[in-house]
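User: Hi! I would like to go through this model with you, one question at a time. Could we start with the overall fold and then zoom in?

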Amino acid sequence: MKSLQFIFLALCLMLSSDAVWARDWQRERADFVLAEQAVEQGNSPAFQTLAGALTEYPLYPYLQYQWLKKDLTQTDKIRAFLTAYKDTRYASLLRGKWLKTMAEHGQWRGYIDNYQADGDVALECLYHWAQYQAGFRDQALIHAKRLWMSGSSQPSECEPLFTALSISAVMTPEMIWQRFEMALKENNRQLAEYLARQIKGLDRDAAESWLQVDKNPELIKEDKIRLRKDKLSSRIFAYGIERMAKSDPDAAVLLWDAEKNGLPLEDSIKQMIERRLALALAAQRKTGAYDRLTGLIANDSEVREWRVRSALFEQNWGHIAAALSGLTLDELKEARWQYWQARLLASAGNNEAARTQYSQAANDRSFYGFLAADAVSQPYRLTDKPVLPAANGLNDLAAEQDFQAVFELRALNRDMEAERQWWFAVSKLSKERLAQAAKVAESWGWPHVAIKTLVKADYWDDLALRFPVRYLEQVQSNAFLHNLDSAVVFGLMRQESMLDSRAESSVGAKGLMQVMPATGRQIAREIQQTLASDYSLFDPDLNIRLGSYYFKKLLIRFDGNMVLATAAYNAGPARVGKWLPSTGSIPADIWVETIPFKETRKYVASVLSYAIIYQQRLNKNALKLRDLMPAIPSG
């Protein structure tokens, strides 16, 4: 429940003070809820009476949408709604449901007349099916081919159109093969199996063989695939090499090098395989990765960057120099590569030039900028330029109908619907007004929305907006309990959830510190804490308690190494253990730069740099990034 103070302040932003006192917002909200109940009950008289008193309420269009979607045969009323509220989010939603009802009843002319493209593939398929039904078959089939040629499974609404395509002269065996390959590359095995059944004759056996290789790439070592040199078998072999490279790049390289010269494959396919093998070797820190990358014809940004990383992991400064010289001028301006250029100069004893390069990199507020600043004992450049509200800008923006609707949805605790409405509202704004909208979200106590909105505004220098200090008491008490720095806990929370206590990941991690339910239950038992249900992880107090305890456990497991514990919080301790050097130690900056997973590489850099920023937000300055990065020991 939001505090009375919050509601009062936010309403003052939304409307003039006269309007605030002239309206009974609590009564309107109560009537809105009663009207929704009338919708659910199908009570038309009650709904009409309640809705009639809410015509000026910001959620009136939402209310009407709920009523109209219950009976999509009300054509005249729906048309009137779409005209009166064409600029609202609910116009598109209602139109989509109305169109699907027309399709169900075969009202194809009405569908064509009322369709508006909005990126919904299901509605687009139905539109072209309506064209087909109306006699515009050639045009419909052209679009059917475009929609069908996808490695993704398309909505069921596309089936009638695709069936017409499949029996037309437009469909060819080559198209089926092409989509079959696209499906496998997108790991859509179910679609690939369906398409294999559409392939006729001897090619059907080849498709089945391809599916077997997809499931078990080791099969390409068998003579029946390896020794056949026809074009289709060679493509299957090349695909198997790609798959094998993910789990055993050394074996994939040996097999590919032994067979590649005799394969009737296009140069583009051979070059693509060479690129995949080289990158797989590099990502798994294999010997020979640098040489393989250097020998590629392909020279895109990913190849250039991994060439540097492979040289760094070797700690071969001659290779590092050559790889850095291969970066583009724009890439060399990035703080990351400026830092490594400085490290290269320092390794050669060119200390003055190294200091100049470090100083240049230190101008950037980032992980590598902070490392560079530490290298030359400079203070961190924490540029802070708060968004300046325009005169009446926040009031005017918050008073707009779309934003009033957001506020009311939040007041009614409809957070998910409120957020959907927010992104609809801000999609219409310029970058300047997006920055103002971020300030509105901040004033409404909506930190993660403020942060994301500021990103859309491409504005990065308002540190209070980007790095809010919330849940301070809980963070400080748990940090003290586990001998952690509060800034580090905030850094983790900021990266994990943007301080959204309701955050939930696609794999089920929940809350401020994105605790997995199984991990939460285990930790709760260890600290003798009751975890009533997975839903409890959304409680800020409990989530911070569990997340802080777990991070401390990781620190203990990795002998206090902050870099390894941070990586393990993201990728898991077992995986991090596999990434440790087999012998000796490796500088932490090199280890971070060469982490195999892009997500974890970015995660570690973000958490540690956010910790530096948060110490400034907490009015502290003792934390140094170099102190968080001791050498990485062997496993």
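Analyst: Happy to! A contact here means heavy atoms within 4.5 Å. Please keep in mind that this is a predicted model.

User: What share of the contacts in the chain with a separation of 6 or more comes from residues 24 or more positions apart?

Analyst: Take the contacts with a separation of 6 or more and pick out the pairs of residues 24 or more positions apart. The chain they belong to has 39 helices and zero strands. The share of those pairs is 57%.

User: How many residues does the largest nonpolar core have?

Analyst: Tyr 111, Trp 148, Phe 180, Ile 241, Trp 256, Trp 422 and Trp 444 have the most contacts inside this core. Trp 148, for example, is in contact with residues including Phe 162, Leu 165 and Met 171, leaving aside neighbours within four places in sequence. Apart from this core lies another one of 89 residues, with Leu 327 and Ala 479 among them. The largest core itself has 126 residues.

User: Is Val 440 buried or exposed?

Analyst: Val 440 lies in helix H29, residues 431-443. Not counting residues up to four places away in sequence, Val 440 touches Leu 394, Leu 397, Ala 398 and Trp 422. Its relative accessible area is 1%, and buried means under 20%. Val 440 is therefore buried.

User: How many of the 11 residues of helix H27 are buried?

Analyst: H27 covers residues 401-411 and is largely enclosed by the rest of the structure. Its buried residues include Asp 402, Glu 408 and Arg 410, along with Phe 403 and Phe 407. Just after H27, Asn 413 takes a positive phi of about 60°. The count of buried residues in H27 is nine.

User: Which word describes how H32 lies to H33: parallel or oblique?

Analyst: The axes of H32 (residues 472-481) and H33 (residues 486-497) come within 9 Å and cross at roughly 120°. Angles of 65 to 115 degrees count as roughly perpendicular and those over 145 as roughly antiparallel, so this angle makes H32 oblique to H33.

User: And how many residues of that contact of H32 with H33 are nonpolar?

Analyst: H32 brings Leu 472, Val 475, Gln 476 and Ala 479, while H33 brings Ser 486, Val 489, Phe 490 and Met 493. Two of the residues in this contact are polar and none is charged. The number of nonpolar ones is six.

Notes:
Residues numbered from 1 in each chain as written. Predicted model: local features only at pLDDT ≥ 70, side-chain atom pairs only at ≥ 80, totals over all residues. Heavy atoms only, no water. Axes fitted to C-alpha atoms, helices over the stretch in contact; angles between N-to-C directions. Helix = DSSP H or I, 4+ residues; strand = E, 2+ residues; numbered from the N terminus. Parallel < 35°, antiparallel > 145°, perpendicular 65-115°, else oblique. Nonpolar A, V, L, I, M, F, W, Y, C, P; charged D, E, K, R; others polar. Core = buried A, V, L, I, M, F, W, Y, C linked by side-chain atoms within 4.5 Å. Buried < 20%, exposed > 50% of the residue type's maximum accessible area, 1.4 Å probe, protein only.
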